[in-house]
Amino acid sequence: MSSPELLDLAERVAARARDGEQVEAYVSRGRQFIVRAYEGGVESLTSAESAGIGVRVVRGGRQGFAHAGTLEPSAVDEVLADARDNLEFGEPDEWYALAEPDGVAPPDLELYDPALAAMAPERKVAAALELEQMVRSLDPRISGVRTAMWGDGRGEAAIATSTGIAVWSQGSSCYVMVQPLAAVDGETQIGFGVDVGRRPGDIDLDETARDAVARTVRLIGAKPVPSQRLTVVLDRRVAASFLSIVGGMLTGEVVLKKRSPFADRLGEQIASPLLSLVDDATNPLSVGADTHDGEGLATRANRLIDAGVLSAFLHDSYTARRSGTVSTASAVRGYSSTPSVGCLALAPSVGTLDQAGLIAQVGEGLLVQDVSGLHSGVNPVSGDFSVGADGMMIRDGALAEPVREVTIASTLQRMLLDIVAVGGDLEWLPGGDAGVSLVIGDVSLSGR
Amino acid sequence: MIEPDVLERVLAAAVRSGGEFAEVYAEDRRSTSARLDDAKIEELSSGRDRGAGIRVISGDTTGYAHTADLSEAGLLAAAAAAGAVARSGGGGARVVGLTASPPHRVGGVEVPPDTVAKSAKVALLKRADEAARASGAGIVQVSAGYGDSRRRILVANTDGLLADDEQVRTFLRVLAVAAGDAGMQTGYEVVGHTVGFELFERYQVEDVARTAAQRALTKLAARPAPSGQMPVVIRHGTGGVLFHEACGHGLEADLVGKGASVYRGRTGEQVANPLVTLVDDGTMAAEWGALGIDDEGHPSQRNVLIRDGILTDYMWDFLRSRQEGRAPSGNGRRQSYQHLPMVRMTNTFVLDGPDDPDDIIASTDHGVYVAQLGGGQVNTATGDFVFGMTEAYLIEGGRITEPLREGNLIGNGPQVLLDIDALGNDFAMGGPGTCGKDGQGVPVGDGQPTLRVASLTVGGTAT
């Protein structure tokens, strides 16, 4: 099914709206290719194609939804019928309605790379094999590689509504991932390396391998350190994980539902003046970039935190209507769910120092290279967090001994205010968000 | 879903270019979910996902392709894509004859969810909302979710295996938010089993909601969790995730085989306190990780992993057991037809010990009592693992005293298994869980009696 057909299908479904009814069809289709290398051979090759449709119906202030993981005509009919039936069991809400065209022009983005689509599978296999080989050869302490993989995908989505939305977009991306193992004297450490881009040329195998190996071998001999309060330098990937949780606390949905500690803080200083936070899906550097959000509105740059001041919340059309404002085009979804509000391409402000510069400036503290237990240890309602951490002690402005089996804890509210420096080492990550190294003062470390 | 003669032709086509083994995995999943938030039913949603994944093994290489098109043409196209990995090998015509395996079912469904009116499903959520809000004036928000799914699977392979299964799961969850002078706190409770709508004969929705609400209200007065190493007592039926993370993942044969587990080469050795016997059991009817057959067509079974502290065996999937020339253990699972199977846990639990649970608390002078655990995560290479405590209290002078705010605990799996110094006689299974590995989530269960770990690091902020 080529692109016009996908939009055509969505429009045909939307056109079946009856009097007094709004109908939205979200239709998507994608292809994926994954190759995993292991010990110099191909461990697995996966090629896959998937497609699906989600239909939302609004009538009399009620909303119903159904989806199917296929575009077969009979399934499409069934989905529309199910959504209408499901609607009967929702409760009325005066704010339920589909998005309407708002006049904002979509950004001119080239998110689909024909060269990636045309790339021969043999070259992808070669990339995965080469990545594994590079990791194995870089350091004698590397004992193996748990996973070395190349993955790429392309996808397209069409959204049409009976309220006048009719959009289609497509994109592609590729990534490599590697998990080196280092073993010395019966101790094993596992590390992680990743690179992501829209074009094959965006992937730097050499840098990915070097970075992954460095992160792995430097943890050899890691031990817990005594409990203490100290300054931490969050590696940019760790910082991005925390900031994406913060972004999720700044949506109209959690604000309206009284589940955000920042709900009443608009216009107030909630973070260090060093930090700004922008969600901008019009930035092609992010793999989260898109011309439209999950309701078909043109994406735009949304500044959430401006020099530490909470400047805006993100909205989809529902939360905007209910809050008396306009959508920020922040509806996030797949075909199997109704939209929710979320970040598409969140990025922090960028400082000047690289990570080594920050470490020199900090003098004494801990570089947090990895965290674990983010899903169990961070509560986005209370803001309390406590996560497992691996990393390196910082002494006399340089990296010292490796550390593992400790936790770091604070609250997200405090952490934002305790930012004492922001790095200049911006990196766009596979989830679409970007990170920079962040220096946080006065964090509780629990250890031995 | 697919006729046997079609399966035979597709399998034959899959190995035509030289693969040694091919498998067709087909799945038809129907689901219903309902969501209440902000005091109203926001949405009732239904879905259907259906498709097949075809796997071809040639030497050490696996080819995989999946399709949502279950017609013979669609399956043949996927077979060709998956079989392409073996293109260099010497092909040839091969006849595949399938023999249906005797049905292996665990448990049974009394009230299939698709026979229950949608109105009855959303009514549960209204009752949950009312009960949670009635629990105290401090409750400012409630969200609740209901879900049921029916998953039919069919597996056929070139060894002649033909097996199918039907797995029905039903759950209800409640999240309550309480607000007080020191900010907001959350309380969560979920019930779920591999059963139908009879789940709600076993549990009263109001009880589930009140439990969630009470957790949130209790934490309003909680003080920051301590920071540092101390004894930790874990209530029965809540701490199975400790074993899931501390050693379960490390006993998965794929991780062991790649040298990414601290338990590699340690069978026959003492890896835990002799009190500990750890079992993974997919046949445990009605539990969240129960299955008749795994996603490679092999019957689920009860596997003893650690007996009296001695490591007895790992968990296996088809690929690893084939390499080792042994029988699979029924642990080959996948999230959906869009994923390759790998070694996964089912219901993982520790059997009863000798101790009275009250005595375990009374004999602890100073420590933490964990009454509800959140999720966890493990680094299988080092054995370091974390898990969250979502309801916890201080133990002072052998008594449970003040509530604590949330935090993670961190420990090292091999050390923690040895440091278990008390094991109760009050075994209970815990709630439904979703285990994530390499981007795939599968339903799992866990359980354990009340137990004490002599020393764990509590990741709080209070010194």
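**View 1. The contact between domain 1 and domain 2 of chain A.** In this predicted model, in which local features need pLDDT of at least 70, side-chain atom pairs count only at pLDDT 80 or more, and totals for chains, interfaces and linings use all residues, 32 residues of domain 1 of chain A are in contact with 28 residues of domain 2 of chain A, where contact is defined as C-beta atoms, placed from the backbone, that lie within 7 Å. Residues are numbered from 1 along each chain as its sequence is written, while chains are lettered from A and ligands numbered from 1 in the order in which they are written. Domain 1 covers 3-217 of chain A and domain 2 covers 222-448, with bounds that come from an automatic or database domain assignment. The C-alpha centres of these two domains of chain A lie 23 Å apart.

**View 2. The side of domain 1 of chain A that touches domain 2 of chain A.** The elements that give two or more residues to this side include strand 1 (21-38), strand 4 (142-161) and strand 5 (166-184) of chain A; strands here are DSSP runs of E with at least two residues, helices are runs of H or I with at least four, and both are numbered from the N terminus. Strand 5 of chain A gives the most, with five residues. By class, this side has 20 nonpolar, eight polar and four charged residues, where Ala, Val, Leu, Ile, Met, Phe, Trp, Tyr, Cys and Pro count as nonpolar, Asp, Glu, Lys and Arg as charged, and the others, Gly among them, as polar.

**View 3. The contact between chain A and chain B.** Chain A brings 62 residues to this contact and chain B brings 65 residues. On the side of chain A that touches chain B, the largest share, eleven residues, comes from strand 2 of chain A, and the residues of that side divide into 16 nonpolar, 33 polar and 13 charged.

**View 4. Strand 3 of chain A beside strand 2 of chain B.** These two strands run parallel and are joined by four bridges, and strands pair if DSSP finds at least two bridges between them. One of the residues to look for is Ala66(A), whose bridge partner in strand 2 of chain B is Ser46(B).

**View 5. Chain B on its own.** Chain B has ten helices and 23 strands, and its C-alpha atoms fill a box of roughly 75 × 55 × 35 Å, taken along the principal axes.

Terms used. Contact = placed C-beta atoms within 7 Å.
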